[in-house]
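Here are some notes for a first reading of this structure. They are set out as numbered points and begin with a single pairing of residues.

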Amino acid sequence: MNAGAALTLYVMAAVTVAAIVLAVVPLPASARRLPEAIGIAGIVATLAITVTQWGERQVAFNGELRIDRFGLLMTWVIMIAALATLLLGWGEPAAAGRRREFTGLVLAAATGMMLTVMSGDLITLFIGIELLSVSLYILCAMEVARERSLESGLKYLITGSIGTALLVYGFALLYGVTGTTSLAGIATRLDSVGGLASDPLLIAAIVLIVVALGFKASAVPFHMWTPDVYQGAPTPVTAFMGTGTKAAAMGAFLLLFTGATSQASGDWRGLIGALAVATMVVGNVGALLQDNVKRMLAWSSIAQAGYLLIGVAVGTTAGAEALIYYLFAYVAMTLAAFAIVILREREVEDGDQLTAMAGYGRARPWAGVVMTLAMVSLAGFPPFAGFVGKFLLFGSAVDAGMTWLAIVGAVASVISVVYYLRVVIVMWGPPADDRSTVRRLRVPPAVAAVAVTGAVAIVGLAIAAQPMLDVCADAARALIIP
Amino acid sequence: MGEKITFAVAAIGALGFGTGVVFFRDAFRAAVSLIGTLLSVALLFIVLLAPFAAAVQVIVYAGAIVVMFLFVIAYLGERGEVTTPDRLDRWQVIGWLGVIGLGAFGAVAVLDSSSAPAEAAPATTDVGTPASIGDAFLSDHLLAFEVTSLILLVAAVGAVILARSAAQGEGGR
Amino acid sequence: MPWVSLLILVPLAAAVVLGVLPARERRAARGVALIGSLATLAISIIVVALFDRDMAVMQQVDHLDWIPAAGVSWDVGVDGISLWLVLLTTVIFTLGTIAACQRLPERRGPAFLALIMLAQAALLGLFTAGDLILFYVFWEFMLIPFALLIWNWGGDDRRGTGMIFVVYTMAGSLLMLVAIIATALTAMDATGELSFLIRDMQGVAFGEATSTLLLAGFLIAFAIKIPLWPFHGWLPRAYSQAPIVVTILLAAVMSKAGVYGLLRIGVPVFPEGIGNLLIPVAILALIGIVYGSLLAWRAPTMRLLVGYSSVAHLGFIVLGIIVIDRMAAQGAVLQMINHGIVAAAAFAVVMMISRGTGTGDMDRLGGLAKGAPRLAVAFLFVTMAALALPGSNAFVGEFFILGGVFDQYAWMAVIAMLGVIYAAVYMLRMYQGTMNGPVRGVTDDGRAAEMGARDAIILVPLILMMVWIALWPGSLVGATRASTDLALAPAQVAEGRPVEQIGVLPARAAMTPATDPAERP
Amino acid sequence: MATALAWIVLVVPLISGIVLAGWPGEPPHAVTRLLGIGSILISFALSVAVFVGLLGNAADDRSFTSSAFEWISIAGTDVDLSILVDPLSVMMMLIITGVGFLIHLYSAEYMERDRDYRRFFASMNLFVFSMLLLVLAGNFFFLIVGWAFVGLASYLLIGFWYERPAAVAAAKKAFVINVIGDVGLVLAAFLILRELGTLDYGEAFAGASGLGANSGTVLAICLLLFVGAAAKSAQVPLHTWLPDAMEGPTPVSALIHAATMVTAGVYLIVRCHAFFDLSWLAGDIVAVVGAITLLMAATVALQQVDIKRVLAWSTVSQVGYMIMAVGLGAYASGMFMLMAHAFYKAALFLAAGVVIHALHDEQSLDRMGGLRKYLRVAYFGMGAGCLAIAGVPGFAGFFAKDDVLASALNGGAIGVFCWVVGIIGAFLTALYMFRLLFRAFFGPEPAGGYQPAPHPSRWWMSVPVVVLGILSIVGGWLQLPFGWTEISDWLLPVTGEGPAIVEPTHATEVVTIIVSVVMALGGIGLAWWLFGADPERRIRLAAIARGPRAVMDDAWRFDEAYDDVFVEPGREMADVMLTRVEPAGPQGIITGTVAFVRGAARLVRSSQSGMVRAYAFWMVLGIALAGIVAALIAAGGS
Amino acid sequence: MNVPIEAYLMLSLALLALGLVGVMRRRNPLMLLLSVELMLNAGNVSLIGFSRLWDDPSGQVFALVVMVVAAAEVVIGLGLVVAIFRSRTRLDVDEMSSMRG
């Protein structure tokens, strides 16, 4: 038992509980922001701890928790997303009156995500995913006064429950095939027992797990909840779902496939590749005709999941490395975009409509530049982080002999250019007459900070790609269970 | 032999009541039917030498959860089953095809598998006793145990949030 | 000094400065833009001055690792193929900046100039990149400033046009990205080292099938950018809708990106593949020559006429490169410069006429020479260069392109000659239609279109360059010889061309053949 | 020394042309004249000096090349900016600068009242430079450059009055047909470059024999060269531009479209005789084309009413003689006729110009008559020219044509055919030229007389007409039948002596002289009977052979045929491309893809029904599909 | 184990399929949740069956965790259903489709 290794989990669990408790306890007005403060402190502490823990793998809770470079780096992605979500929700009028629960629930979800990417056991993995899911069901529905928020929560819950059931079933079959719930044990058993790699039951398990995780990552055709839920949920929550959940789901993919069942990669490479293809194509096509920016970003997140899945489908550490890099880039781009959407939402009615963006680049040039950077980078234009990520992902696909994946990815990216650049055109175009400056607020510094940091990261990750890649490569290598 | 008969009874019960859950028009009946399924499954657990799981199944599932369902059904009152034509009728075909495909695929997977452990399962075992389960929870699966409590906490908070909204809605109307 | 890197960074810096300038600072913006472009021009002249004509490989190389793990680096330099394109870019952009400053858009003038600077940086980067990924970066990045220029300051159909321009180009180039990656990874099997440097890939024997496949991937991107028939759909739209200054830049400089890529990457890196794609590409180029000429003949507006004529002219250049002949290739390099100058001048004339008469419609104009005799003379110069009158600069390039083509495939040269004849027909249609005949479409005999001092600043340098090249093309061609010979040699060897046609014999025995990527586990 | 002077000869008109073109605004006429005419005078003087210099050398020491600098060196081919000074080029220089000077002088008065005086002289000087470049070029590349530049100058001067749609159209036509010729020439150069590896005259001609006599390559080279020659020299079927070119000012017609440029084809063939010597077939084709042209054009000339058009068709016909001659191998005869033709045709055009000028731009013969009373100088020039061109003994045309025909009779079967055609042509020539003379200068004045009276020209115009008239008489005395062969001797170092060279013999000369004199006099007599003696007679006879004459009047309907065969179908094809192919093909790629993707997007959207149960359907279907995919992969893998 | 594991698996598969059918057929949101419970039970049957097969407690632990999670989801789900459908006349999830496309 190496309890110190699990320190991050303790910290996160503690701040989560504290935030939730503080949400229930009546607080004086001066301490209104205490839950957020605690949450931010907890996240910062977690990030600090991960830095000190960077090194060889440590194991806690008899292998239920693996503290290795992969988990730590993925924790960074998740914590950045959580931190940004808290900042984006800072003073969010729509979440007024629920703010304290908001913090606690975001922290709970972040804890679940962290648990997911650090888990060394199917049960822990399952609990992590459920913790984040349950938290997000509530977060989506948290604007209880708004019908769409509730609708989004219920849709997420129903489809999510089906996903949960399938995940349970898939895990059950995997357990049945290998006789253990430990990821390391599964890898060892697949390695040692001949013929197991192509066992039909294992294939069934893989199919169900792929489906269930594909659901969480919004891969086509399990993506259908995504646009509705993203649109209906409070925008900071949408941002969190788009980034944190995606990261956790991808982490689970990597742990289960590239890590635990790499011996059976012949069973799942083609399957996940097909999923990636469908996701890239349908996601990008679906985004084309959207007039709501949040909904468009939802479709875009589907498409991006497709690119990310390439990194899983290739089944190599190079793929994992590219995936992790792209996750960072993706999180930066998405958060920057959502920050601008939130900014606009606070200024005008229906601020998430594309028409509301008309002329925004002229009204707030810095916001226009941030959004342009985010869109252009999401579309994969060089020399930004999105391009480097795509380049690495396509490279890993070609290297793994799956050039077709890269070609489909390329074609799909072409489609994506249309809707990403549409935002840019509208932003820099003439303002719509009626809503140009309905309410011009002082820019909330927290939101601006997220936007600008995201924009800086979009450029910085590309320029300093090499140091970042070194870290990602370390993380990817940690996936392989020796 | 007794095991086989028990299995048969439990299986028929689970599937029969399960069909009821799916096809009863009345929500109340369906919920009651679910209790039947859950009890049948609990019986299976006993056959599988998992008495602790069976007990939890009866107490938590059949007891607490379904009761909650019944409360809600009662609260929402007699809205009845929807009788308007189903706009998704034509999609049903796809769904059925999917279910059949899934079933066939699953059956093949199950029957073709050769992944069973080398030595047969022992006739008796104590892995399912409350003691050994408790032991497992406190040793190998301590973390799962702890985090599960967090899920329940979150669920409670969620219930509070939603309930408060319900209360507000009540007052406002 | 890392002059070549500065060549890219100076306009980039100018773009950044212009980008943060408030929209009302029009005077300051003009100053910054002019200083930026003139400084870039000066640097390019230094680069030309330092150029060693006898060196075949890239020189004045600045190398900096960017993503060493992925084999990607900042690697820029010049060689005989790119040298004059660099100078062309800086000259044309200087003139374009002057033109833009003279009539700065009312709305957000500084941003307009900033985007032009950005485009210049991207194009200079493209022409100097020695690393395939860097090449791709500039190739794609250039779309952003051009698209934004079209979207913000273009014609009535600017949105759709800009979108088609970007998306169509990207459709090709993203496939090129896949091909780039595949190329580097295949080369890694032979060299044992992952590198995207073009010079590291040259000399790797990919095997005929692989080479053809990879080249095809690149060719799609090049074909759209060039544009090769039938991939030119974006061109008439973009040339018609872009602000005219931007059209000048598009036609003069950006249109060279595709043919440059063909000669910089396509031919030298995939010598074994050229043989299989030579005839198909040449046929498309020939169709483009005839087709572009026919459409130019009947085009309703001047912009479309020059635009379609570009399709035809670039067909000649493609032909010159793809037949793998030293004379044709050097002619093609020269013709890239010539076409840049002539297209810029032609669109500058269109700009003046449209501005002075308010229309670019051929059917509504006529007889402007009466009021604008100086413009008529300048236009005549441009017309004669555009139709490649023997003795003009364009003829030099065309003559040696077709001479080389005739050497290899006489029938191609004969068909291409149709384009030469048609060029006379459509260019005279444009010149006579607007300048000669009874005065039409204007009330002042066209005096408003007359070339003033401000216009002369733009047009006269272009005409002087035409005259210079016409009088002494050897001054340019001398610098291109070594590099083009080197670029062609492997393909010539692979094609089994007689040894006396080959400039330098490539040393490639040391390389081990690479395996097909599909065959690898 | 000779080459240095030749460089100056070449450059002086260019410089003056550039100065004139670049002059800001319109300079005083005196300045324009000084520059425009003076430069040509200098060139002429220096050309004479070069000629005298060469005369001082031995016959085999009269060929010099001079290279200014290495213009380009590309893929092992070096092209220098070089000139070749030899008897042939010197002869051409003298004609160009000499006749050119006279016509420049003439233009000073003729163009006096034109708004664009400066532009006219700038263009004329450009032309002289281009023509000199053409004849002086030391390699094929610069031959082509000069060749195209004269085309450009011709274009500019035909379209000099650019407000007139007819002039603009004529200029374009001339240019485009000339480009076709350029293409032939360029292809010939490519073939030479490919086979001989050089564009240099000396090396190419020296290596020509290596290609093998009568080989396909040589034939191809010759025919491609002839395409160029035919386009420039208005030979069938590329002759249609020349009559239209009369839209230009008359001095232009005289200089470019009569005296010099149109004869460039003759020069080209003589220059490249090394190739033509090797292919009898090529030579015969050239000769037959020349023969057809001379006859066809002569018939058309019979019908023309426009005074300049008569002369234009006459030019086509006369150049046909020259082409026929050089095609047969009678290079010296062809060059001799070229020179003589330059004199008398220039005289004819300038005289016609005086008439037109005097009648205020009236060109129709129908509104002329009895002009000899008013315009004595023109009458002299026209008369001398007509006598010369008709081949009346003693005049230049007689000796030249006689020389050509006498040579032809020695040219084998084809030669005899050509001789017959030439004799018929001689008869027709006499007929149509004297028709012109009689209708314009004799007979009654047109109804209503001249309002105002025709004014005689001043000395600027008179002097050239008189000088050229005199030259039309004495110019032929350089080469007389029966042994006085100054031209042949002068050109001997160029043409050389070989089996392919055709020269007249005494016997053929005797036969030719007799027959042709009879024909000429017969033609003149018929013309007198028809047009001179009784002006009413032609009206009475108007009904005769109306059909054939209509065809002739329409110039054998070449223009119409070209319109039907090339221009209209081409235009239609281009229109189909623009309105059908482009939207469907290249644009269709875009619109089709956009429509397809848009349709797909609508499909995706419509599947997103918003109903959570539908999402469950898709998930179930997805699981099934995933299972199938996985099963297929597993089956494929095992 | 007298009853082969395949029998348990087939039973659980049937339960899973039943649950899926329920999810697709029923428009009452409460019935959807009930059907999900069926599917979760299917998973649990497999888990406990495999636990018996391998004689390993992890499966049972997993099953217990699933039960807790199911309880949590039901709590949230019922809360949401109440919040949404309290004010509506019909219990029909198909009405819950204001966002689509």
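1. Start in chain C, where C:Gln59 stands opposite C:Val78 in β2(C). The model is a predicted one, and that applies to every point below.

2. The pairing belongs to two strands of chain C. Strand β1 (residues 59-67) is joined to β2(C) by six bridges, and the two run antiparallel. They form a hairpin with four residues between the strands, and in it C:Gly71 takes a positive phi near 75°.

3. Is β2(C) enclosed or open to the outside? Strand β2 of chain C covers residues 72-78, and six of its seven residues are buried, so this strand is largely enclosed by the rest of the structure. The cut-off behind this is that a residue counts as buried if 20 or more other C-beta atoms lie within 10 Å of its own.

4. Chain C also makes an interface with chain D. That contact takes 43 residues from chain C and 41 residues from chain D. On the chain C side, at least two residues each come from α7 (158-191), α13 (271-298), α15 (326-357), α17 (393-408), α18 (410-435) and α20 (474-495). The largest share is that of α18(C), with nine residues. Sorted by class, the side of chain C that touches chain D holds 29 nonpolar, eleven polar and three charged residues.

5. Chain D itself has 638 residues, of which 60% count as buried. Its secondary structure comes to 26 helices and four strands. Taken along the principal axes, the C-alpha atoms of chain D fill a box of roughly 110 × 65 × 55 Å. Among contacts in chain D with a separation of 6 or more, 82% are between residues 24 or more positions apart.

6. Which residues touch the most other members of the largest nonpolar core? That core has 843 residues, and the ones in question are A:Ile78, A:Ala336, C:Val318, C:Leu319, D:Ala346 and D:Val355. Helix α13 (residues 317-347) of chain A gives the most to this core, with 23 residues.

7. Leaving aside neighbours within four places in sequence, D:Val355 is in contact with D:Ile307, D:Leu371, D:Leu375, D:Ala378 and D:Ala440.

8. Which two chains share the most contacts? Eight pairs of chains are in contact, and chains B and E share the most. Here 72 residues of chain B are in contact with 67 residues of chain E. The side of chain B that touches chain E draws at least two residues from each of α1 (2-23), α2 (27-47), α3 (51-76), α4 (89-112), α5 (130-138) and α6 (142-172). Of these helices, α3(B) gives the most, with 13 residues. By class, this side of chain B has 51 nonpolar, 16 polar and five charged residues.

9. Chain B is divided into two domains: domain 1 spans 1-79 and domain 2 spans 141-173. Between the C-alpha centres of domain 1 of chain B and domain 2 of chain B the distance is 25 Å.

10. Some pairs of chains have no contact. Chain B and chain C do not touch, and their nearest C-alpha atoms are 27 Å apart. Chain C and chain E are not joined by any contact either; the closest C-alpha atoms of this pair lie 23 Å apart.

How values were computed:
Residues numbered from 1 in each chain as written. Chains lettered and ligands numbered in written order. Predicted model: local features only at pLDDT ≥ 70, side-chain atom pairs only at ≥ 80, totals over all residues. Contact = placed C-beta atoms within 7 Å. Nonpolar A, V, L, I, M, F, W, Y, C, P; charged D, E, K, R; others polar. Domains from an automatic or database assignment. Buried ≥ 20, exposed ≤ 12 C-beta atoms within 10 Å, placed from the backbone. Pairing = 2+ DSSP bridges. Core = buried A, V, L, I, M, F, W, Y, C linked by C-beta atoms within 7 Å.
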